[in-house]
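Dear colleague,

I am handing over the structure that I have been working through, and below it you will find my notes on what was found. Please read them with the structure open beside you.

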Amino acid sequence: MTGSAALRSQGRHARLSAFPPSPRRALQHLRELRRGSRRTHLSHNPLGAFMVWNLWLTLAAMAATGYMMGMLRFFGMDWVKDMHELAFDWLILSVILHLAGVAFDSWRTRVPLVRAMVTGRKSIPHGIEAE
């Protein structure tokens with residue numbers, strides 16, 4: 001696929017429904033990384049798909065437990081506060097891992113992923129295979 005075609009098609013690839021997490025595809029992607037593959041994905045790579053879903057689910061857990069802490073029914077319950085704090089700690093670790101993954105994948109594929117996240121347009125360099 002040419003770079004311009006990748007630019008035009010990026011919008012439909014950024015939807016959550018476009019990259020459901022798949023353990024099989026994630027393991028296959030890891031094997032390709034070990035072999036030195038520079039292939040990129042028009043949407044998130046299989047590991048990135050897991051990370052995006054992880055981030056959204058973690059934020060949902062934080063929102064739910066934060067809301068619960070303000071309810072009379074759960075007010076003062078340590079397990080709710082503990083779950084909220086655990087979700088926050090997990091979120092911080094996940095963001096760090098996400099940033100490291102973006103930096104690594106940008107270096108590996110020469111695709112400016114940060115720009116793609118801001119603009120919604122991913123430009124694929126010539127000679128890089130896109131899926």
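**Notes on the structure**

Thr-58 has its place in helix α3, where helices (H or I, at least four residues) and strands (E, at least two) are DSSP runs, numbered from the N terminus. Before going further, please keep in mind that this is a predicted model, in which local features need pLDDT of at least 70 and side-chain atom pairs count only at pLDDT 80 or more, while totals for chains, interfaces and linings use all residues. Residues are numbered from 1 along each chain as its sequence is written, and side-chain values use heavy atoms, with hydrogens and water left out.

Thr-58 counts as buried because its relative accessibility is 6%; buried means under 20% relative accessible area, exposed means over 50%, and partly exposed lies in between (1.4 Å probe, protein chains only). The side chain of Thr-58 reaches the backbone oxygen of Asn-54 at 2.7 Å. If neighbours within four places in sequence are left aside, Thr-58 is in contact (heavy atoms within 4.5 Å) with Ala-87, Trp-90 and Leu-91.

Val-80 belongs to helix α4, which covers residues 78–109, and Val-80 counts as buried because its relative accessibility is 0%. Leaving aside neighbours within four places in sequence, the residues in contact with Val-80 are Thr-65, Met-68, Met-69 and Phe-74. Between the C-alpha atoms of Val-80 and Ala-64, which are 16 residues apart along the chain, the separation is 9.5 Å.

How many salt bridges does the structure hold? There are two, a salt bridge being a side-chain nitrogen of Lys or Arg within 4 Å of a carboxyl oxygen of Asp or Glu. In general, side chains of opposite charge can pair when their charged atoms come close. Another salt bridge is formed by Asp-105 with Arg-108, whose closest N and O atoms are 2.7 Å apart; both residues lie in helix α4, three residues apart, about one turn of the helix, and both are buried.

Gly-36 is found in the loop between α2 (23–34) and α3 (46–69), and Gly-36 counts as partly exposed, at 48% relative accessibility.

Technical notes: A polar contact is a pair of N or O atoms within 3.5 Å; within protein, one must be able to donate a hydrogen and the other to accept it, and residues adjacent in sequence count only if both atoms are side-chain atoms.
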